[in-house]
Structure formats: structure tokens, C-alpha cells
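Here is a short report on one protein chain. Please look over the sequence and the model before reading on.

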Amino acid sequence: QVQLVESGGGLVQAGGSLRLSCAASGGTFSSRALGWFHQAPGKEREFVAAISRGTNTYYADSVKGRFTISRDFTKNTVYLQMNSLKPEDTAVYSCAATTEWYGSSWNAPRLEYEYNYWGQGTQVTVSS
């Protein structure tokens, strides 16, 4: 069973930066694609970014050019570097992992149903 634990959330002013981390344990990290989603109060959970088993990445239009997803295979950790933060980025951010060997090696999934494992989430609040 894969466990995912996020960290790095907090309160930041508009225009600031945060780096979220998601540490994986209990399973093989390198054989899975990973993603970040967020959920604002009263809204549905939305896709933010994903990274394939290799290094292929995919971003929601709302974060392109501001956010960067990366993974460290030696630390079994996926990161989300968030720059130029906006108040509308305020949400609970959760990381997710696919089953092993899901899809092709370049596939960076963007749909919730493609992920089987989820972390508890970390709150990001951006003040104006």
C-alpha cells in the first residue's frame, strides 16, 4: 500500500512562492506517474500538474509558466514549485500516484480516476 504525505503548505502573500513536497512510501516510486490536484472551498477538486514515470510533465492552463512539478527518485518525493502565487491559488493541495506501470512511460495523467493513491493534502493560502 502506497502512502503519500504532503508538506510545505502555508500562508503567503500574492506574488510569493511556496514549494510543496510529497513523500511516498510503501511501494515502488519509480514505476508510477504522480500528480498534484487542488480543491478550493465549495469547489470540485481540480488537476494542477502531473509528471510521468520519466520526466514528461503536464500542467493546467491556470498554472503554466508559474508552477513546476519535479520528482526525486533517490528520495521518493515529488515536488510542486509554485511561483507568482495568486489569491485564486488558495486551496488544499493533494498529491496522487497511479498504480504501477499505468499507461506509457511518457504518460502524465490529468484525470482523477487515473490515480489510485492520495495524500491527505496541505493547505495553501495566498493573501492579496
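## A partly exposed glycine

A residue is buried under 20% relative accessible area, exposed over 50%, and partly exposed in between. This is a predicted model. In it, G8 has 36% relative accessibility, so G8 counts as partly exposed.

G8 is found in the loop between β1 (3–7) and β2 (10–13). Leaving out residues up to four places away in sequence, G8 touches L18, R19, L20 and T122. G8 and G121 are 113 residues apart in sequence. In space, their C-alpha atoms are 10 Å apart.

## The nonpolar core

In soluble globular proteins, nonpolar side chains tend to be buried together. Here, the largest nonpolar core has 36 residues. W36, L80, M82 and Y93 have the most contacts inside this core. Several strands each supply at least two of its residues: β3 (18–25), β4, β5, β7 (67–72), β8 (77–82), β9 (91–97) and β11 (122–127).

What does L80 touch, not counting residues up to four places away in sequence? The list is L18, R19, L20, W36, V48, A49, F67, T68, I69 and Y93. Two names in that list, W36 and Y93, are also among the residues with the most contacts inside the core. L18, R19 and L20 are touched by L80, and G8 touches them too.

## The disulfide

A disulfide is a covalent bond between the sulfur atoms of two cysteines. The count in this model comes to 1 disulfide. C22 and C95 form it, with their sulfur atoms 1.9 Å apart. C22 lies in strand β3 and C95 in strand β9, so the pair ties together parts that are 73 residues apart in sequence.

Are the two cysteines buried or exposed? C22 is buried, and so is C95. The torsion about the S-S bond of C22 and C95 is about 50°, so this disulfide is right-handed.

## The largest pocket

Rolling a probe the size of a water molecule over the atoms shows where empty space is left. In this model, the largest pocket holds about 220 Å³ of space. Its lining has 14 residues. Of these, H38, E46, S62, E88 and D89 lie nearest the pocket's centre.

Which elements give two or more residues to the lining? They are β4 (34–39) and β5 (46–51).

Note on methods:
Residues are numbered from 1 along each chain as its sequence is written. This is a predicted model: local features need pLDDT of at least 70, side-chain atom pairs count only at pLDDT 80 or more; totals for chains, interfaces and linings use all residues. Side-chain values use heavy atoms; hydrogens and water are left out. On a 1 Å grid over the protein atoms alone, a cavity is a set of points where a 1.4 Å probe fits but cannot get out, and a pocket is an open set with protein on both sides within 12 Å along at least five of seven lines; lining residues have an atom within 4 Å of a point. Grid points are joined across faces, edges and corners, and a volume is the space filled by probe spheres set on the points. Helices (H or I, at least four residues) and strands (E, at least two) are DSSP runs, numbered from the N terminus. A nonpolar core is a set of buried Ala, Val, Leu, Ile, Met, Phe, Trp, Tyr and Cys residues joined through side-chain atoms within 4.5 Å. Buried means under 20% relative accessible area, exposed over 50%, partly exposed in between (1.4 Å probe, protein chains only). Contact means heavy atoms within 4.5 Å. A disulfide is a pair of cysteine sulfur atoms within 2.5 Å.
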